[in-house]
Amino acid sequence: MTVTSITKDPRSLSMTLTAELAATPDRVWQLWADPRQLERWWGPPTYPATVTSHDLRVGGKVEYHMTGPEGDQPKGYWIIDEVEPPHRLVFHDGFANEDGTPNEQMPSNEARVSIQEIGDGRTRMLIESIFPTTEALEQMLAMGMEEGLRQAVGQIDAILGEGAVA
Amino acid sequence: MQVMPNYDGMFGALADATRRDIVRRAIDAQEGVAQIASHYPMSFAAVQKHVAILERAGLVSKHRIGRRKVVRTNLEGLRVARRLLDQYEELWRGRIDRMSELITNRQE
């Protein structure tokens, strides 16, 4: 299992994911810094990502769209806040309108990526997601990445079981 | 990126334990808001507010049975939420898996 931990802190409205990868920090950095590699992991197989612009400098923008099974193409963007190859990347990830401009109605979240060598040719990657409001955090909770929501999921299952309506 | 943002209200509604409990009770569609409120150590107004949030999220609706108005759970809505929750849960794990795969392939 490459994901070694997923935790969240409700007070700072943040979630932290730690993963260990069998590669050097330089190699892991390429996953973020090379748009052709980024688009091979960012979107799930059913919603592959296409990166249309990629400027990994402070203030720079990464623009992408995903392509769904029905041909739908939701658009997203990153705004780069900090960049320090191959160890650190901080950006805001948000939804974009049809014309590529940021969709202000949707909350964006801040992502902090930290990449550190841990020896034996292995690298630890830390991804911290920080949400601006409780509502946005609730969305994150809804993403099912932490225990509270796992319980909620279990409860929904229980509800559906009791419902017994097909 | 979070996919399918239209379900925000639904997830927010389900993030609260009291509201999940109301959703469970309302499956039988036997009780009105006042009766539901009697199960909780909080004011009628507070429970009414919870029901309103669930209603807006499409998780429950009110139906007239004779002279009474009962709260009924929308099971199809719950199923949709459940499927999306699974999807979200897998999103980042899937990304990390794909990263590992890319790294392994390039090294060979």
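A residue is buried if 20 or more other C-beta atoms lie within 10 Å of its own, exposed if 12 or fewer, and partly exposed in between, with C-beta atoms placed from the backbone. This is a predicted model, in which local features need pLDDT of at least 70, side-chain atom pairs count only at pLDDT 80 or more, and totals for chains, interfaces and linings use all residues. Residues are numbered from 1 along each chain as its sequence is written, while chains are lettered from A and ligands numbered from 1 in the order in which they are written.

Q: Is A29(B) buried, exposed or partly exposed?
A: Let's start with its place: A29(B) sits in the loop between α2 (17–25) and α3 (33–37) of chain B. Helices (H or I, at least four residues) and strands (E, at least two) are DSSP runs, numbered from the N terminus. Because 15 other C-beta atoms lie within 10 Å, A29(B) is partly exposed.

Q: What is phi of D120(A) near?
A: Find D120(A) in the loop between β7 (109–119) and β8 (122–130) of chain A. With 7 C-beta neighbours inside 10 Å, D120(A) counts as exposed. Most residues other than glycine have a negative phi. Phi of D120(A), however, is positive, near 60 degrees.

Q: Which peptide bond is cis, with omega near -5 degrees?
A: Look at the loop between β5 (75–84) and β6 (88–96) of chain A, where P86(A) is placed. Most peptide bonds are trans. The cis bond here runs from P85(A) to P86(A).

Q: How many helices and strands are there in chain A?
A: From the N terminus on, the elements run β-β-α-α-β-β-β-β-β-β-α-α. Chain A therefore has, by the DSSP runs, four helices and eight strands.
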